[in-house]
Each structure stands twice: as structure tokens, then as C-alpha cells.
Amino acid sequence: MALVPCQVLRVAILLSYCSILCNYKAIEMPSHQTYGGSWKFLTFIDLFVVAVFWTIYAYDREMIYPRLLDNFIPGWLNHGMHTTVLPFILIEMRTSHHQYPSRSSGLAAICTFSVGYILWVCWIHHVTGMWVYPFLEHIGSGARIIFFGSTTILMNFLYLLGEVLNSYIWDTQRTKPPSCQDTQSSLSCAKPVQNLCKDTYMLEGGKARA
């Protein structure tokens, strides 16, 4: 029964993601009609872009999310794709214990995904002559390499952070001392056993005297 709330939460988060992506997919945007469609955007692939998106947005939104997009994407959908991801992840981490693979396997998977997406972005630029994200047009080749490398390092750091937090939260749960209510419950359960033992002892003593 304890797993029911966690399962319900996961289904609710999954449905919210599906709703966000379906609404996003239904929008008639020019970029969706070009090579790669909506699959060229990292947001559409995995939704975990809170740190990078809002950092660039705060610096200059035109470099990552031009004001022109406000004519196509409502504000709530923007936050649904780029903001609600973080609290959902934190809530799930607090309510669900995740079994991580070995650290080397996990980091290898993260690096493989990162390199694969970088190659996908570069391929789209090779085919169309345009970068998926506007800010890539305004920086040189060296800066792009630094940016791609930095984002890969950031993804690995966030993966390790999630692993550490998951272990800390759930190891603390396992080593948590019993509450007063639990102690009282244990004592109340022990009393009948103690009384039974006492009665048995007195009975045996009476038989011996007889």
C-alpha cells in the first residue's frame, strides 16, 4: 500500500509531460516544418533543461527563446516545458527510491547521450545551414566547442548530484530512529507477550510446588 502514492505520482507526472509535449507539438511553428522537426530541440527530447535554458534566458532571451515565439507558445506552456521539470524531479526523488547503475555505466550513458545530441545539432546545421539555437549563430567555433564541452560536464555533474541526493535521502530514511509512536506501538505489542510469559511461569511454579 505504501507504493500506491508513488505510483500515482509517477503517472501524474508522466501525464503532465505528455500533455505539455502534445500541446507543444500541436503548435504550428515554422521551426517544426524544417529539417528535424521538433526533435531537434532538447526540450522535446528529455525536458531536463532548466539550468541551461533559464541561465541563457536571463542573459539574453533572444539567444535562446526569441520574443517572436510568444506569438506561438503561451507563457504557461513555456513554464511547463522549462520550469515545472525541476519541482517534479525533486518531488519524485523524495518519494521514490531509484536504483542507480554503476557510476561508470551511468556517466557513460550521459556522455553518450550528450555527444549524440551535439552531433545531431551539428548535422542539422550541416544540412540546413542554421543552428537549432540562435545563440550558436553569434559565437565562434572555439566558443561552441567550449559550450558543448561545458554542457556535457554540467550534465554529468547533475547526474552525480542526483545520485548523491538519492542516496542521502533514502539512507537517512533507513537509519532514521523509531518515533515515539513506533516505540509505544512496539511496547503495546510486547505487553501481551510479557503477560503470557508471566502467567506461564506462575503456572509452572504452581505445578512444581504441587
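User: Helices (H or I, at least four residues) and strands (E, at least two) are DSSP runs, numbered from the N terminus. What do residues 145-165 come to, in helix and strand?
Analyst: Residues 145-165 are 100% helix and 0% strand, with the end C-alpha atoms 30 Å apart. This is a predicted model, where local features need pLDDT of at least 70, side-chain atom pairs count only at pLDDT 80 or more, and totals for chains, interfaces and linings use all residues. Residues are numbered from 1 along each chain as its sequence is written, and side-chain values use heavy atoms, with hydrogens and water left out.

User: And over 107-133, how much helix?
Analyst: There the chain is 81% helix and 0% strand, and the end C-alpha atoms lie 25 Å apart.

User: Where does UniProt place "transmembrane region"?
Analyst: The unreviewed entry puts it at residues 42-59, 107-133 and 145-165. UniProt positions follow the numbering used here, feature names are shortened, and annotations may be inferred rather than shown by experiment.

User: How many helices in the protein chain?
Analyst: Eight, with zero strands.

User: New topic: is asparagine 78 buried or exposed?
Analyst: Asparagine 78 is buried, at a relative accessible area of 6%. Buried means under 20%, exposed over 50%, partly exposed in between (1.4 Å probe, protein chains only). Asparagine 78 belongs to helix 4, residues 75-82.

User: What is asparagine 78 in contact with?
Analyst: Leaving aside neighbours within four places in sequence, asparagine 78 is in contact with Phe53, Trp54, Tyr65, Ile73 and Thr83. Contact means heavy atoms within 4.5 Å.
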